[in-house]
Amino acid sequence: MDYVRLGRTGLQVSRICLGCMTYGVPERGRHPWTLDEDRSRPLIRQALEAGINFLDTANSYSDGTSEEIVGRAIRDFARRDEIVLATKVFFPTRSGPNGSGLSRRAILTEIDNSLRRLGTDHVDLYQIHRWDPHTPIEETMEALHDVVKAGKARYIGASSMYAWQFAKAVYTARQHGWTEFVSMQDHLNLLNREEEREMLPFCRDQGIGVLPWSPLARGLLARDWRESTTRQESDDMTRALYSGTVAADRAVIDAVGRIAAERGIARAQVAMAWVLQQPGVTAPIVGASKPGHLDDALGALSVTLEAHEIEALEVPYVPHPVVGF
């Protein structure tokens, strides 16, 4: 396993981050493809034994049961001080007022709830899951700063938003001497490269680590475009994220297939290798529901795409709507 620094920090993370939205009680979430604890634990253990030390979950995944499953797995399969544990806050955890968002109340309440579910006294990376247009950014950033100063989080990060919003948050914290974001978890893969316009250059300029989510476009880049899966057919997010430019996307998927065939490797390794080679990318977030998913992600670490292969993968791309915020 390769380890790199997260942005400008001294924190070392594996080049692959295990995304844990896949793990949780199916009946407690919006995803029928979620794996229960008995099926989740072997995959988490496989990742840990392969040297992946970076795990990402969220308070809203499967009504908090993802955090519970991850916390118990870390307790049983690893040493807590060897793990970089990340979670997120923003989406609703209950109905009614103050059940979501990035108010001071929400942040201070939800960090304690997450720590209780995870069975730990701190997380290494606490991330805002989205931008909250209803809360002043000063309120959010000061609350996050207080979470860090209380020892409940070591670093803070953010996820999918417009670059101007992220820049506003970064400079608000800097202006007040508060804790700054060290990472951006954004939507980046061969079927959606819109972050190349503003967000990625900003992160490179500011030394902020990039943690792409959905590096395989929810599995679309891992198989022929004519194939489908149970998850794809039942996942509303797949349709929302990848339904706009079908012809161009198929050309990209076909290019992935050709290069994979020429190299004699899995399509997923080609698509993942492209993400890993993007300047500024720290660690793609990989969701694994089968052992082979982790094998492909780990295999991609040893794949270096040639310039002509990268060109073949990128040429068919056309501008896409900005989605995922």
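Modeller: Begin with the secondary structure: the chain has 12 helices and 10 strands. Keep in mind that the model is predicted.

Biologist: How does the radius of gyration of the chain compare with the globule rule?

Modeller: The chain has a radius of gyration of 19 Å, close to the 20 Å given by the globule rule for 325 residues, so the chain is as compact as a globular protein of that length. Along the principal axes, its C-alpha atoms fill a box of roughly 55 × 45 × 40 Å.

Biologist: What share of the residues in the chain is buried, and what part of the accessible surface belongs to carbon and sulfur atoms?

Modeller: A residue is called buried when its relative accessible area is under 20%. Of the 325 residues in the chain, 56% are buried. The accessible surface comes to about 13800 Å², and carbon and sulfur atoms account for 49% of that surface.

Biologist: Among contacts between residues at least 6 apart in sequence, what percentage join residues at least 24 apart?

Modeller: The figure is 78%. L188 sits in the loop between β8 (181–185) and α6 (199–206).

Biologist: Is L188 buried or exposed?

Modeller: L188 counts as buried, because its relative accessibility is 0%. Leaving aside residues up to four places away in sequence, L188 touches R193, L200, P212, W213, S214, P215, W274, V275 and V281. A distance can be read in two ways here: L188 and V210 are 22 residues apart in sequence, and their C-alpha atoms are 9.7 Å apart in space.

Biologist: Next, the charged side chains. How many salt bridges are there?

Modeller: The structure holds 18. The test is a Lys or Arg side-chain nitrogen within 4 Å of an Asp or Glu carboxyl oxygen. D36 and R39 form one of them, with their closest N and O atoms 3.6 Å apart. D36 is partly exposed at 30% relative accessible area, and R39 is partly exposed at 46%. D81 and R79 meet in another salt bridge, 3.5 Å from N to O. D81 is exposed, with a relative accessible area of 63%.

Biologist: Which parts of the chain does the salt bridge between D146 and R104 tie together?

Modeller: In that salt bridge the closest N and O atoms are 2.8 Å apart. D146 lies in helix α4 (residues 137–149) and R104 in helix α3 (residues 104–118), so the pair ties together parts that are 42 residues apart in sequence. D146 is partly exposed at 26%, as is R104 at 34%. Salt bridges can also share partners, and in this way R41, R75 and D76 are joined into one network.

Biologist: Which residues form a nonpolar patch on the surface?

Modeller: Y162, W164, V322 and F325 form such a patch, with about 440 Å² of accessible area together. W164 belongs to helix α5 (residues 163–176). W164 is exposed, with a relative accessible area of 54%.

Terms used. Residues are numbered from 1 along each chain as its sequence is written. This is a predicted model: local features need pLDDT of at least 70, side-chain atom pairs count only at pLDDT 80 or more; totals for chains, interfaces and linings use all residues. Side-chain values use heavy atoms; hydrogens and water are left out. Patches are made of residues with over 30% relative accessible area and no salt bridge: like charges are joined within 9 Å, nonpolar side chains (Val, Leu, Ile, Met, Phe, Trp, Tyr) within 5 Å. Accessible areas come from the Shrake-Rupley method with a 1.4 Å probe; for residues, only the protein chains shown count as cover. Helices (H or I, at least four residues) and strands (E, at least two) are DSSP runs, numbered from the N terminus. Buried means under 20% relative accessible area, exposed over 50%, partly exposed in between (1.4 Å probe, protein chains only). The radius of gyration is taken over C-alpha atoms; the globule rule is 2.2 Å times the number of residues to the power 0.38. Contact means heavy atoms within 4.5 Å.
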